[in-house]
Amino acid sequence: MEEREKKRSVVPFGPQHPVLPEPIHLDLVLEDEKVVDVIPSIGFIHRGLEDLVKKRDFNEYVYVAERTCGICSFGHGLGYVEAVEKCMNVEVPIRAKYLRTIWSEMSRIHSHLLWAGLMADAFGFENLFYQCWRLREKNLDLVEMTTGGRLIYSVNKVGGVLKDITPDMQKVILNNLSELEAELRDVYKTFMTDYSVQERTRGVGVLTKEQVHDLGCCGPYARASGVARDIRQLGYEAYGELDFEPVVSNDGDNYARCDVRLREVFQSIDLIRQAIAKIPNGELSVPVKGNPDGEAFIRIEQPRGEAIYYVEGNGTKFLNRFRLRTPTFANIPGMCETMKGCSYADIPLLVVTIDPCISCTER
Amino acid sequence: MSAKFTPKETIRVIEKDGLLREVMAMKSRGMRLSQACASYKDGKYELSYSFSDDETLDYETLRVVCDLADRIPSIHDFYSCASFYENEMRELFGVKIELIEPDYHNKLYRIKAETPFLPEDAKAEQKKQEQEISLSGADSDLDLAQAAADEKLASGKKEEK
């Protein structure tokens, strides 16, 4: 019997779609319900923030860098000031390094819980979505208490930090994190053992370790495929003084990505406890003289993965170039690969599992 | 203590003609393409291709310094994920990267301005350099290959109509 020729159709997905908080467009090539190819398009909200560095004083630009995105805001500010500090050979006080580490981990908790809620929403588990975001609020309260902001922290400056975390605040942080940790155990258990969650996540969107390497993926997305790479192991800020190992899973599917990100929230709580236990007294910043000259690459582990910051100074107060390579930019090719061979109904979940941040990506 | 790595971070300037050879060497060493970007400095492009070793976290950057009208080959054959970076370099800075796959034809970012990160005087200089190349008839093999690819695309569209 002659095999019936399968017709291909192209279905546009996004830029407006219920599962997408930010715009990305995918042309999905389908054979019946099966996706056989994906062509991604970005660029709906490109703002040219990198080029703005030529028109803003390098100290003022910290505030622009932080506003690249509302979720990874702290990390972008941190990456930028670290790059400028490396360029200018500025040694930041140790207390400032610990404070930056604490805020960095708070940012990770906030980002991962936000993602967990969106993931639960994407597979239709509304109650789980509410629980994740309720826990996120507890963390945001701590951010507000220590920085004055909930999403844009504005505490980084070239040479150190602008605010301190007092001993009283440290006690509140430890208490609230213990409560959050206890409640998060139930959420983690639901994600890992609930039948309906597993039905939508197990074996879906598998990415192998080799594919991760070839496609340049990073962060929890890569660690869920067995790649034990965490840029925090470089020991920047106070990470070199803290004890941790990369959180890794080997299955490479949606389930493994949930597992890695949620376990990383527990890891962040542990890192904050360690940092508070070891934080020394001292100055918050050092005076910075002169202008950046030369160039520097900096890598930091953002909640979504490895982010790369490059600055090129010219001896004036305006930088010649600032470059930001975001984790989502690196993970889009991997996301497209996981979609091939999947059912059309799985596409929203596969988009969410890279934890896409399009604001960062388009800068 | 968790700082188990003391990675080497290097920036190595190479000739543009040696780019593919060096990238192939990176690939054969198992390096991951971490990023690629362009910048404009002193009338020339500086193209940076950064590679990371996932075992040691070493970070090596290949730097190509080239004229504004120079043709740069795509490294897509070695790293399929290079496409986004290359499309971005061409769209924002006007770097003449050829045979990108997939080629977004300056539509990766939906922006009206043409090569917005390249200063106006550099755009004029780029046109001048291109005219000089055109008048001298020194079209490279890459130009011919790009022209063939464009022609193929155009004929495909005609057939669709």
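This is a predicted model: local features need pLDDT of at least 70, side-chain atom pairs count only at pLDDT 80 or more; totals for chains, interfaces and linings use all residues.
Let's start with chain A. Take the two segments in turn. Residues 127-286 of chain A are 57% helix and 2% strand, and the C-alpha atoms at the ends of that stretch are 47 Å apart. Residues 291-363 of chain A are 33% helix and 34% strand, with end C-alpha atoms 24 Å apart.

Now turn to chain B and find strand β3, residues 44-52. Is this strand largely enclosed or largely open? With 20 or more other C-beta atoms within 10 Å as the mark of a buried residue, eight of the nine residues of β3(B) are buried, so the strand is largely enclosed by the rest of the structure.

What pairs with β3(B)? One partner is strand β2 of chain B, residues 32-41, which runs antiparallel to β3(B) over nine bridges. Within this pairing you can look for Tyr40(B), which stands opposite Tyr45(B) in β3(B). The hairpin that joins β2(B) and β3(B) has two residues between the strands, and there Asp42(B) takes a positive phi near 50°.

Another partner is strand β4 of chain B, residues 59-66, also antiparallel to β3(B), over eight bridges. Here Glu46(B) stands opposite Val65(B) in β4(B). The hairpin of β3(B) and β4(B) has six residues between the strands, and Leu57(B) takes a positive phi near 65° in it.

How values were computed:
Residues are numbered from 1 along each chain as its sequence is written. Chains are lettered from A and ligands numbered from 1 in the order in which they are written. Helices (H or I, at least four residues) and strands (E, at least two) are DSSP runs, numbered from the N terminus. A residue is buried if 20 or more other C-beta atoms lie within 10 Å of its own, exposed if 12 or fewer, and partly exposed in between; C-beta atoms are placed from the backbone. Two strands pair if DSSP finds at least two bridges between them.
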